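Hi,

Here is the structure I said I would pass on. Have a look at it first, and my notes follow below.

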Amino acid sequence: MTASLEAFKKHVHIVTLVLGVVALVVAQMADTSRAAGLYTAISLGPIAAGLITIYRHKVSSGTDKSVAKIVVECAWVDLSFGLGFLMMLPSSYYAVQSPVSVLLGIDAVVMAVYGLYVLINLNKMGFSLTP
Amino acid sequence: MSNRSHDSYGDYAVVQVPKDQLKSAFGLFLVYTGVLICIAVIWGGGALGNGLTFYDMMKASVLGSLILGIIGFFTAKIGGHTRASTYVILRHSFGRVGSMWAGAAVSGIACGIGWFFIQAWLFGTVFSTIAKELWGSVPFWASAPAASLWGAVLMTLSAAFGYKGIAFLSYLAVPLFLIALGGGSYAAITEAGGFAAALVAQPANPMPFAGAVTAVVGMYIAGATITSDISRYSEKPNDGGWAWFWQVVLLQPVLMLAGGTLTLLTPASDVAQAMAHLGIGLGALVLIIFGQWTTNDNNLYNGALAFANTFRVKKATMTIIMGFIGAVLASMTAAGFFGTDPFINFLTQLGRFLPPIAGVLLADFYVFKPYKLGKKNADERYTFGPGTRYSRYNVAGMAAWILAGLLAPSIPGIVALNSVLLGFVLYLVLAWGASAMNLKYEVGTWIEGEDGF
């Protein structure tokens, strides 16, 4: 296994889990229950993806292709859920007070950029982005 | 296993997908979901909400989706075993020339040109409505004719890349769409009176339960028929079937309930418009753009696959030609040059002939070939590759297909389901009967060339 793939294998689920948990905690600070509910629901996506990724690495055959597949699918969740937060944050119906909005926004940007970074790197290594 | 053909037309359009190109069940699930999620399904749910209570609506959408899930599971499984598109698979049950006619008529013309342009026109129309709601006025680029045009171009772009293009888009768009739909539906339904009110609301124009199930099945039976176009990429034979089953059974009822519940509470079922009105503008735009994009690029993808089995043209070229025709027609329709009714009537009539294909296919693959011809191994039941001999016409398959399409509407029950069942029974009667009486039901010979054609 190449060094970079090994590195992604080691940290993709951790980063995903941490960013998901941060979003979950910040979501609880929202001033309306509907906003807290929505952002809690979205944050469950990356948390679930992180946990599923841990399980999949445990049962995977360990070949480069199978490891890359798991990493890529986790990175897609990061990218799309990060964008999901950014899509809903500007809405007036689910508006939250500025500190919460800024924190969630930063978390979401990091999530999306990290997902994109992993995808670009795996693409450069020659792995399929649609496994 | 047959020798491998050269992929001359791109995206393995007329040859088997190589084993090193197969995709995961999760990827297939996302692609199928991308096909399902669109404004039309939410509006279809709205039609149910006009005629049923919440619980009946839930039962009808789940039951209808289960029927679709089961039919689509078995058609997708054929794609998983053969690693070939629906139209290439049809070479065995319709004959080589029969597969050209059937595929080009019901998928090439209907999906690739007809429904593609109608959906692109719908995209432009809804987009301009939302633009007006969001910005107060409609700039030229957001007007219905312009949006239909650039919308169709976007859809053509992802379809031109073949399976990789539509899968790439689905990985990104499906989660975003579901987040937007979840947040948007909750907001729209809450503001319209809430879920508690929806549970006890009475429909404006009550409709029979069976009619509702018919509508649910009819709305997506075409998708259940041509599942092999996606499942041909599945790593294991059953992966595509399960991916299809779970996305339609879990998500179609959710989409329909989103539109239906809103209709129960208000006269409208347009979740996207309600979202724009409530200040969830970006979500509304995502709902429309990605919803229509991921569905309509599949129309083009299916149509191009069908035509690639009919004409010796690269699939990407065919996609671009069809996309261009669709973009022009959609834009002209949006500009008021002509209405959509004549086209929709024609496509609806043509659509009657798509479900019987599933019946013939299922009967041939699961019953006739293994139990009459003794081909027990599902992976080797259909062979493809250079030198493979097909009949030019399988008269039993073609007759069953046409008769089922003509007769199904006159039989009581769920028309789309009748079409499938009638195609299934008629094919077995004709093929088995002819075989038992030593009558020739396969006419002529076509030998597959190096290019898979």
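**Helix packing in chain B**

The axes of helix α3 (residues 54-82) of chain B and helix α11 (residues 239-265) of chain B come within 7 Å of each other and cross at roughly 155°. Axes here are lines fitted to C-alpha atoms, for helices over the stretch in contact, and angles run from 0 to 180 degrees between N-to-C directions. The crossing of α3(B) past α11(B) is right-handed, meaning that the near helix is turned clockwise from the far one by less than a right angle. In the contact of α3(B) with α11(B) there are 17 nonpolar, 11 polar and 2 charged residues. For these classes, Ala, Val, Leu, Ile, Met, Phe, Trp, Tyr, Cys and Pro are nonpolar, Asp, Glu, Lys and Arg are charged, and the others, Gly among them, are polar.

Before I go on: this is a predicted model, where local features need pLDDT of at least 70, side-chain atom pairs count only at pLDDT 80 or more, and totals for chains, interfaces and linings use all residues. Residues are numbered from 1 along each chain as its sequence is written, while chains are lettered from A and ligands numbered from 1 in the order in which they are written. Helices are DSSP runs (H or I, at least four residues), numbered from the N terminus.

Another pair is helix α6 (residues 144-160) of chain B and helix α14 (residues 315-334) of chain B, with axes 8 Å apart and an angle of about 165°. So α6(B) and α14(B) are roughly antiparallel too, and their crossing is right-handed. The α6(B) residues that meet α14(B) include Ala144(B), Ser148(B), Ala152(B) and Ala159(B), and among their α14(B) partners are Gly323(B), Gly326(B) and Ala330(B). That contact has 13 nonpolar, 6 polar and no charged residues.

**Between the chains**

22 residues of chain A are in contact with 22 of chain B (C-beta atoms, placed from the backbone, within 7 Å). On the chain A side, α2 (33-59) and α3 (64-88) each supply at least two residues. α3(A) gives the most, with 10 residues. By class, that side has 14 nonpolar, 6 polar and 2 charged residues.

**Confidence**

The predictor gives the complex an ipTM of 0.96 and a pTM of 0.95.

Cheers

Notes. Contact = placed C-beta atoms within 7 Å. Parallel < 35°, antiparallel > 145°, perpendicular 65-115°, else oblique.
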